[in-house]
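Here is a short briefing on one protein model. It is meant to be read beside the sequence and the coordinates.

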Amino acid sequence: MPEPLKDPTPLQPNYLPEKLHDRQEEQKLLENLSSKNSVPQNLFLHGPRGTGKTHVTHLALEETDRKCYVPCTQHDTQYKALKQILRGLNEEVNDGHHTSDLQRKLVEKTKAVHTVIILDDIDFLLLNDGDDLLYFLTRMETRNDVDLVLISSNHTSLKSKIEERTYSSLQPRRVSFEPYTAEDAYQILVERAQKALVNQSLQKAALTYITSTTQNISVALYWMKHAAETTESVITESYVQQAQEKAYEKYAAHLLNRFTEHHRLLYQAVQELDVEAKTIRTGEIYTRYEELCKTYNENTLSKRRLSDYLKHLELLDLIEAEYHYGGSNGKTRDVKLVSL
């Protein structure tokens with residue numbers, strides 16, 4: 001039996017298929033943004049990770065001439081996001097500009113030219129820098145030539161996350177991406193497997209086990225890819241069970257690759273403290289993080305900074321946090337590791 005993997009591309013997280021399963025309605029709403037006759041509108045896409053929000057957006061706007069994609073995990077301030085938007089409009093931007101300079105440049109670049117701006121994982125921008133960017137984009141003089149697509153994996157509404165004055169000018173249309181069912185996930189993986197794997201190298205029971213365990217398509221693809229890369233024979237149910245933990249580690253590493261070494265050390269601290277899925281106090285996490293910093297010769301960050309980084313891990317759905325208010329310590333939280 002030859003190795004199962006013949007083409008890893010369809011199992012990559014950034015692979016864009018020709019069509020997406022059961023997302024036609026959402027895709028049509030986004031495609032309307034490409035129409036020259038469409039009324040300017042702002043869309044707020046929300047749904048759990050692995051439900052196709054980013055993929056549908058890229059696919060629907062593939063033919064749009066002027067669009068700017070901003071991953072807010074990396075561009076989490078107004079300044080950084082404006083620079084990324086201008087780069088998307090082929091504007092050379094050097095360091096040293098004031099935010100107001102970038103704002104003026106954007107107004108100039110969007111005069112009488114329809115532009116779509118996509119702010120993906122917007123929760124990271126709002127957490128770090130508030131809603132100043134959204135306020136500017138919805139009040140600038142060329143706002144009628146700009147459509148905004150805001151994508152969130154953590155919130156079903158923006159209203160409680162931004163100032164009322166910003167929301168009143170934004171007035172986004174909500175587009176909900178419901179979680180895939182196990183049946184949906186199975187069909188999606190079948191289509192990917194047919195392109196990526198050698199015929200008859202994947203047992204139906206193995207695929208059923210993966211899609212009954214997780215409906216996050218990104219996780220499922222990492223799982224199937226890892227299984228295909230690490231076995232020289234047929235991918236069986238028992239093998240995907242064996243590969244489960246390592247596959248999820250690869251998925252988590254992919255998410256954390258966009259962040260700092262301190263995010264990774266903080267996540268490692270949570271992993272090492274996780275015993276029988278018990279909750280972990282933040283004080284324990286900080287102590288273990290400091291020990292890991294000594295091991296890897298890294299300077300430790302302040303607890304305030306680490307608190308923000310823990311929130312990042314929560315927004316990535318790598319941990320769950322339960323918040324407690326009041327008492328001698330003020331606001332505290334108990335943390336639990338998310339796993340398959």
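The model is predicted. An open sheet of five strands pairs in parallel. The structure holds zero disulfides, and a search of the whole structure finds 15 salt bridges.

**Sheet**
- The strand order is β2-β3-β4-β1-β5.
- β2 (67–71) and β5 (173–176) are the edge strands, each pairing on one side only.
- On average, neighbouring strands are turned by 15° against each other, direction ignored.
- Strand β1 (residues 42–46) runs parallel to strand β4 (residues 146–152), and five bridges join them.
- L45 has I151 in β4 as its bridge partner.

**Helices on the sheet**
- Helix α1 (residues 24–31) lies across β1, β4 and β5, and runs at about 150° to β5.
- Helix α2 (residues 53–60) lies across β1, β2, β3 (115–120) and β4. Its angle to β4 is about 155°.

**Cysteines**
- The cut-off for a disulfide is 2.5 Å between the sulfur atoms.
- C72 is buried, at 0% relative accessible area.
- C293 also counts as buried, at 1% relative accessibility.

**Loop residue T231**
- T231 sits in the loop between α10 (217–230) and α11 (237–256).
- T231 is buried, with a relative accessible area of 8%.
- A polar atom of the T231 side chain lies 3.3 Å from the backbone nitrogen of S233.
- Not counting residues up to four places away in sequence, T231 touches P4 and Y239.

**Salt bridges**
- Side chains of opposite charge can pair when their charged atoms come close.
- D76 and K80 meet through their side chains at 3.4 Å, N to O. D76 is buried at 14% relative accessible area, whereas K80 is partly exposed at 37%.
- E229 and K250 form a salt bridge at 3.7 Å, N to O. E229 lies in helix α10 and K250 in helix α11, so the pair ties together parts that are 21 residues apart in sequence. E229 is partly exposed at 38%, and K250 is partly exposed at 32%.
- K246 and E249 form a salt bridge at 3.7 Å, N to O. Both lie in helix α11, three residues apart, about one turn of the helix. K246 is partly exposed at 44%, and E249 is partly exposed at 33%.

Definitions and conventions
Residues numbered from 1 in each chain as written. Predicted model: local features only at pLDDT ≥ 70, side-chain atom pairs only at ≥ 80, totals over all residues. Heavy atoms only, no water. Pairing = 2+ DSSP bridges. Helix = DSSP H or I, 4+ residues; strand = E, 2+ residues; numbered from the N terminus. Axes fitted to C-alpha atoms, helices over the stretch in contact; angles between N-to-C directions. Contact = heavy atoms within 4.5 Å. Buried < 20%, exposed > 50% of the residue type's maximum accessible area, 1.4 Å probe, protein only. Polar contact = N/O pair within 3.5 Å; in protein donor to acceptor, adjacent residues only side chain to side chain. Salt bridge = Lys/Arg side-chain N within 4 Å of Asp/Glu carboxyl O.
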